[in-house]
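Reader: I have a structure to get through today. Can we go over it together, one piece at a time?

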Amino acid sequence: ETVVRSSAATDSATMTSEAANAKGEFASTEGDEEKKRELRKIRRLKGENYRNRYLLPRYVLEEDGSKRKLEPGEYDPNSQLYPITTPIREMSDFGIGIGMYFTTTLWLGTLMIICALIQTPIATYYSSNEYDKFNNKDNFYANIGSASCSYEERVCLNVECTQVAGSFQFPNGQHRDVAVDDDQAKADYNITRIVEPGHRLCEVRRFFGVVDLMMMIFIAGTLLILANRQDKEAEMLDLSEQTAQDYSVIVEDPNEEKIDPDDWEAFFRTHFGEVFMVTVALNNGELIRLYKKKFWLMNEMKLEAIEEAQYTTWKRRASEVDDQELDSMKAKRKTKSYFKQFMELIGLDKTLDHFTYELIKVNRQIGTKKHHHYKACKVFVIFNHEKSQRACLEAMCVGIIPALLDWEGQIDDKYLMDGNLLHIKEAPEPSDMIYENLDIGLYRQFIEQIISWAAVFVLLMVTYFTVVACFDNDQPDLGAIMISLWNGVLPEINRVLVQTFESHHTWSDVEDSFLTKTVACRWFTSTLILYIVALSDPTQFLGVYYIQQIQKVLLADALTNPIIRVCDVSGNLKRYILAPIAGTDARAKALNEGTDWLLAERYTDLAKTILMSLFYSAILPTGYWYSALACFISFWVDKFCILRLFRQKPPSGDKLVRITRTTIAVIILIHCVITAHFYYGWPYDELCPTKQLVNVTGSSFTPADIGVTSPVVWKEDCQQNSEDLLPPTGKEKWFPSDHQTDLVKFYNAVSVAVLVYVCVVYFGQNGVLSVYSLFYYRHKPVGDHTDILFDTVESGEGYIPQFQVAGLHHAVMCVTCVPPAPDTPAEAEFDYYLLNWTASKEDEDENGEAMIVELSNEEQVEIYHAANVYFDDQLEGLSADHKNKSLLARAKQYIKNEQTVIRGSYAKSITGRAEIAKRRNSKEKARSASDVQEAEMVENPQLEKPSP
């Protein structure tokens with residue numbers, strides 16, 4: 001629940017008297033710098049107090065010693081902030097999705113440590129003289145435990161041996177095998193060309209495959225255990241708490257002319273029983289998006305206005321401007337400097353004049369859209385019985401294609417709506433809906449996805465060239481930092497793409513789109529760029545500096561992004577710089593809002609770290625230690641951010657963690673395929689022996705003089721990598737032993753086995769069902785239905801079309817209100833308790849501290865009307881028939897009884913919310929101490945009407 005915590009909730013309470021006085025005092029003491037500093041300090045402290053009391057997560061201790069999390073906007077003088085050391089089990093108070101994120105992060109960190117220990121035999125072998133007898137002379141121990149190889153022999157590239165492969169000194173300057181350096185060798189022995197590296201003698205062993213197989217089996221087993229545990233937890237939560245989704249269906253393709261909820265209520269009641277509520281959403285998305293901008297502009301004007309009268313004056317001016325005055329305003333704006341115009345454009349120069357001009361433009365656009373007659377695009381039906389919903393889904397669910405084409409014979413003809421085969425499925429949760437986008441069809445969404453992915457591709461190309469430029473200029477440290485920076489920038493760009501450009505119907509779709517794009521960006525940036533760079537010169541793979549680059553990127557990823565999140569530059573700028581100099585207290589409090597974030601972004605960070613360590617495991621088995629470090633740092637940093645910096649989010653489900661588990665399974669497959677290619681190209685010296693013998697007869701030196709022991713000529717630029725998905729399994733001429741041949745065969749076989757495993761376990765059922773659902777769809781319910789009626793569900797919400805406005809603590813409705821009788825004021829056709837927010841008002845106690853006060857019914861209705869597009873001044877001149885039927889969505893409640901009246905007057909009050917949260921907390925404690933059957937026996941009393 002979101003509570004209206006600011007004066008922006010209603011026109012009648014925009015500014016507190018203290019704020020107006022403070023603003024006036026600012027003006028009257030303009031020359032008194034000390035006084036101004038004192039007032040800024042007071043404003044900063046008031047903003048911090050508001051943030052600490054109402055925005056940061058707090059809890060109270062109940063009589064039984066348990067903790068109850070306060071809802072956003074709720075305050076108790078005995079409450080405390082959640083400590084940074086809050087246990088994982090209590091992080092689920094913020095939603096099962098966040099609780100599972102921390103569980104997954106901790107499990108993955110522990111898993112990476114165990115993987116590093118399993119890989120210890122390989123790392124030990126790489127550190128031994130058996131693998132590289134010059135291990136300690138190439139980089140002063142920097143790459144010990146990695147596959148970097150300096151153990152090589154010098155070979156001749158032509159018969160006369162005037163061209164050789166293999167430097168005469170180590171990277172640190174020491175001589176390798178003869179007491180000359182490269183320049184001296186060229187002068188003394190007439191060597192015209194020296195190529196690096198020489199023929200590498202570092203070999204792999206069969207036991208690598210056994211060790212790696214043990215690790216993969218352990219990861220797969222751990223994922224299955226974790227999945228089983230988390231799925232049970234999610235199912236337990238779903239069965240223990242009834243929500244609107246358990247009672248609701250959505251009609252995706254309703255009859256366009258059926259805009260009266262009564263028609264739909266009669267249809268579904270006749271076939272399946274009592275209907276609690278019907279919502280008919282119209283294809284008025286463009287109008288709603290204009291109103292979304294209008295309400296944002298009006299709220300910004302409120303925050304900038306010194307007094308209520310000033311806001312009212314500017315708002316009235318925006319609605320009364322004629323064409324001549326508008327032209328005058330345009331001409332005046334053109335006289336401003338380009339810099340000032342740019343600052344206004346990006347929102348850094350907020351003035352009432354600017355907001356008024358923008359509001360005028362929006363009002364004019366609304367004036368052209370409000371006369372359209374809109375049609376039905378989605379219908380939501382809430383049954384009063386859960387079994388009615390299941391019966392409806394069982395009888396009417398069909399595949400997507402039959403519903404689009406209205407195929408005959410799919411279901412009983414009595415379930416057709418005037419001959420229309422309806423596409424029906426279980427509805428998402430009401431809080432998950434983005435109502436202003438419901439009119440967007442599949443074709444436009446498809447085009448938006450193409451454009452978004454094209455933008456992502458362009459960004460990845462820019463990332464590639466900037467990172468490669470750093471490495472090409474011998475700046476590996478800068479390249480590693482650049483990769484980390486792009487890993488922080490790309491998710492923010494993706495966030496803008498999916499939230500502002502793409503038109504999704506649910507917030508879950510937004511998270512999915514963001515997750516997909518960000519995983520692709522981070523995988524490419526952190527892992528594939530380094531791999532592509534090395535493919536241009538494969539000899540780098542076992543080189544000292546290349547592996548150091550991988551280490552630096554892993555370390556930078558483990559440290560850089562967490563440091564950036566903790567610093568919270570934008571949040572601190574708003575709280576400590578902009579808030580104290582804000583013109584009003586309302587603006588200062590708005591600037592103390594927490595930093596916006598997406599849980600999907602945190603999961604992509606985990607996936608990126610795990611991928612990089614597994615991708616380069618063949619040449620850097622110690623990389624798992626870096627990934628473990630990254631997981632544990634993220635665990636504590638993200639906990640700190642959620643408890644102290646981030647904005648509180650509505651509870652989320654377990655969908656993201658399920659996608660992440662699937663992602664890690666795909667990473668195991670990638671690990672197998674890439675490791676097969678690494679071992680196929682070993683030792684990456686691009687040298688192959690020929691049958692031609694070296695002949696230095698007549699020369700002034702022998703091959704031994706320059707450290708050449710091989711009697712044959714070696715071929716340069718020998719292709720040691722494969723362009724196939726899986727490399728060939730035969731023995732290649734550069735393979736030093738059968739160990740390498742067996743390893744390639746082993747990883748090819750394991751790759752196929754893992755592919756089958758991933759497809760069957762993670763994609764098989766979902767993939768088959770996805771194809772099957774195109775033609776035949778059957779809803780699969782979770783558990784048995786309950787006998788709890790929806791009108792008695794504590795947390796029941798209705799499908800009330802509304803939209804979120806940046807800066808407002810409550811949503812804005814866009815639903816029709818009708819007069820219950822002739823010559824009476826228009827009222828909503830539903831009880832306001834079905835909203836996911838409650839009308840409240842901020843006031844101050846005797847100490848001047850902010851507090852939330854209860855409102856009378858009349859005051860609440862006034863706020864609800866102010867937060868509904870239906871009551872906007874611009875719609876007053878429309879005919880009642882048009883305004884009440886074909887302009888805005890209709891949400892009509894059909895069951896109203898004593899229980900719903902009690903819930904409307906009490907359950908949504910501050911006291912009622914505390915009581916509901918306390919009971920929910922008690923049930924969760926009971927579930928954690930017993931099994932599912934015992935949890936179902938926990939008493940679930942209904943709310944009683946409080947005594948006067």
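This is a predicted model: local features need pLDDT of at least 70, side-chain atom pairs count only at pLDDT 80 or more; totals for chains, interfaces and linings use all residues.

Reader: Ok. How many bridges pair strand 10 and strand 22, and in which sense?

Author: Strand 10, residues 275-282, pairs with strand 22 over four bridges, in the antiparallel sense.

Reader: Which residues of strand 22 are on which side, and are they buried or exposed?

Author: R890 and K892 are on one side of strand 22, and A891 and Q893 are on the other. These residues are all buried, and both faces of the strand, residues 890-893, are covered.

Reader: Why two sides at all?

Author: In a regular strand, side chains alternate between the two faces of the sheet.

Reader: New topic. In what order do the three strands of the open sheet come?

Author: The order is 3-2-4, with antiparallel pairing. Strand 3 (67-69) and strand 4 (80-81) are at the edges with a single partner strand each, so one side of each has no neighbour in the sheet.

Reader: And how many bridges join strand 2 to strand 3?

Author: Three bridges join strand 2, residues 58-61, to strand 3, and the two run antiparallel. Within that pair, Y59 stands opposite K69 of strand 3.

Reader: What holds strands together in general?

Author: Strands of a sheet pair through backbone hydrogen bonds, parallel or antiparallel.

Reader: Where is P87?

Author: P87 is in the loop between strand 4 and helix 3 (88-91).

Reader: What is its relative accessible area?

Author: The value for P87 is 26%, so P87 counts as partly exposed. The C-alpha atoms of P87 and G99 are 9.8 Å apart, with the two residues twelve apart along the chain.

Reader: Helices now. At what angle do helix 16 and helix 17 pack?

Author: Helix 16 (residues 442-472) and helix 17 (residues 476-501) pack at about 170 degrees, and their axes are 9 Å apart. That angle makes helix 16 roughly antiparallel to helix 17, since angles over 145 degrees count that way. Their crossing is right-handed.

Reader: What kinds of residues make up the contact?

Author: The contact of helix 16 with helix 17 has 19 nonpolar residues, five polar and one charged.

Reader: Last one. Which helix has L485?

Author: L485 lies in helix 17, and at 39% relative accessibility L485 is partly exposed. Its C-alpha atom is 9.9 Å from that of T463, 22 residues away along the chain.

Technical notes
Residues are numbered from 1 along each chain as its sequence is written. Side-chain values use heavy atoms; hydrogens and water are left out. Two strands pair if DSSP finds at least two bridges between them. Axes are lines fitted to C-alpha atoms, for helices over the stretch in contact, and angles run from 0 to 180 degrees between N-to-C directions. Angles under 35 degrees count as roughly parallel, over 145 as roughly antiparallel, 65 to 115 as roughly perpendicular and the rest as oblique. A crossing is left-handed if the near helix is turned anticlockwise from the far one by less than a right angle, and right-handed if clockwise. Ala, Val, Leu, Ile, Met, Phe, Trp, Tyr, Cys and Pro count as nonpolar, Asp, Glu, Lys and Arg as charged, and the others, Gly among them, as polar. Buried means under 20% relative accessible area, exposed over 50%, partly exposed in between (1.4 Å probe, protein chains only).
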